[in-house]
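Reader: I have a new model open. Walk me through how to read it.

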Amino acid sequence: PQKIILDVDTGIDDSLAILYLLASDDAEIIGIAATAGNVDGAQVAANTLAMLDLGRAPEIEVALGAAAPLAVPLRTTEDTHGPQGLGYAELPVSARTLSSRSAAELWVDLVRAHPGEVTGLCTGPLTNLALALRIEPELPRLLNRLVIMGGAFNHPGNTTPTNEWNIHVDPEAAKEVFDAFSAAPQDRRPLVCALDITESIEMLPDHLAALAQAAHSAPIEQVGAGDPPEFRSAASNPIIRYLTDAVRFYFDFHYQYDLGYLAHMHDPFAAAVALDPASATTRPATVDVELAGTITRATTVADWAGMWGREPNADIVIGTNPAAFFERLVTRVGALARR
Ligand code: BDR
Ligand code: CA
C-alpha cells in the first residue's frame, strides 16, 4: 500500500476522504496533520480522531497544526460544514490522543523517514505544509507525490468570485508551497484538484442509498415530498448513519446556493487521485497565487502556455470519470461499513 500523509481541515468532505482511505487496501495512512480551516484547529483535530474511531482505524498519529494561517487571521466556515464541521452528525468524543509533535514536524519527520515513498494529500489550507517546507526545503524531492485539493483556474471561486476556500484561508502558505515546487522534476510535480474538476464530482442522494445498500444497512428514506427533499436513515450501522447526517447538511448547503440537491466531493476525489493518478487526466502548468490584488487576492493563476517563462510546477487535473469514482467510493466505504 501507498504511504500517505493526510493534511486535513475535517470538514464533511474531508471526513469522507478519511473514510475512503481507511477503506482502501492500497492506502496506509502513516500520519495525519490537522489544519485550521473549515473549523478551528482543535475542532478539526477532535473531528479527525472521531473519524478514526468511526472507521475503526488502527493507531494513527494525528498532529495539530498552527492555530492560524501564516499571515492573516483564521476564517472558518460553519455555514458550509455545520457547527462542529460534521454537518448534522454528532460523534462521540474520541479517547485517542494527539501527537506531541506539531503538524509541520510530523510532515518532516515522516517524509525523512521514508524518502521517496510518501504521498502527501492536502485537503485543507496549506499552512502546515508551508511550515514544514521552511524546516525541510528538500520535501519536494523527498516526497513521492503531493496531491492538493485547492484552487480555481478557469472557473469562478466558491469563496470570492475567484477564490477557492483552501487557498483563500491561507494564500501565503499556498504561494510558498507552489513556489517550493518550481524546480521539482516532472514526476514530482503536485497533482492539483481544483474546483474546475471537483465540482464535477456531484454526490446525490442515490449515491447515499447505494452506500447503504453496499453496507447491507437499512435504506435511506425520503420523508415527504418537501423542497428540498428531506431524508433520513434508520440505519443502525454507525458509518451509514454518520454519512446520512453529515452529507444531508452538505446537500442542504449546496441546495441553498442553487447548486442543486447534491454535494461536491472535493476532498474524497483528491484522495482517489492520490491512490490512482491514472484515473485523472492532467495538464502541466505554472501555478502562482496572487497575494497583492485588491479584489483578486488569493486567486490561483495557471500559466498553461509558458508565458511567464517558468517551468511548470503543477499538473492540474482536467478530466476524470465521476461515475467510476463513485463506484469505487460506494464499494470501498460500503465494505468498510460492513466490517
Ligand atoms: C474545499 O473547501 C473546504 O470547505 C472543503 O473541505 C474542500 O477542501 C473546497 O473548496
Ligand atoms: Ca477540506
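Author: Start with burial. This is a predicted model. Of the chain's 339 residues, 54% count as buried.

Reader: What radius of gyration would a compact globule of 339 residues have, and what does the chain have?

Author: A compact globule with 339 residues would have a radius near 20 Å. The chain has 19 Å, which agrees. For the extent, take the principal axes: the C-alpha atoms fill a box of roughly 60 × 40 × 35 Å.

Reader: What share of the contacts with a separation of 6 or more comes from residues 24 or more positions apart?

Author: Such residues account for 79% of those contacts.

Reader: How many helices and strands are there?

Author: The chain has 13 helices and 13 strands.

Reader: Let me take one helix. How should I read its faces?

Author: An α-helix has 3.6 residues a turn, so residues three or four places apart point the same way. Now the case here. Helix H8 spans residues 171–180 and is mostly covered.

Reader: How many of the ten residues of H8 are buried, and which are they?

Author: Seven of the ten are buried. They are Pro 171, Ala 173, Ala 174, Lys 175, Val 177, Phe 178 and Ala 180. Note that Lys 175 is on that list.

Reader: What covers the buried residues of H8?

Author: The cover includes three helices, H5 (127–135), H6 (139–142) and H7. It also includes strands S11 (280–289) and S13 (314–320).

Reader: How covered is S13 itself, and how many of its residues are buried?

Author: S13 is mostly covered, with five of its seven residues buried.

Reader: Which way does S13 run against its partners, parallel or antiparallel?

Author: Take the partners one at a time. Strand S6 (residues 191–193) runs parallel to S13, joined by two bridges. S11 pairs with S13 in the antiparallel sense, over six bridges.

Reader: Which residue in S13 is the bridge partner of Val 192?

Author: Ile 316 is the partner of Val 192. Ile 316 also has Arg 283 standing opposite.

Reader: Now the ligand. Which residues come nearest to ligand 1?

Author: The shell has 14 residues. Gly 11, Asp 13, Glu 164, Trp 165 and His 266 come nearest. Helices H1 (12–22), H7 (165–169) and H12 (266–275) each give two or more residues to the shell.

Reader: How does the shell divide by class?

Author: Two residues are nonpolar, eight are polar and four are charged.

How values were computed: Residues numbered from 1 in each chain as written. Chains lettered and ligands numbered in written order. Predicted model: local features only at pLDDT ≥ 70, side-chain atom pairs only at ≥ 80, totals over all residues. Near = placed C-beta within 6 Å. Helix = DSSP H or I, 4+ residues; strand = E, 2+ residues; numbered from the N terminus. Nonpolar A, V, L, I, M, F, W, Y, C, P; charged D, E, K, R; others polar. Rg over C-alpha atoms; globule rule 2.2 N^0.38 Å. Buried ≥ 20, exposed ≤ 12 C-beta atoms within 10 Å, placed from the backbone. Contact = placed C-beta atoms within 7 Å. Pairing = 2+ DSSP bridges.
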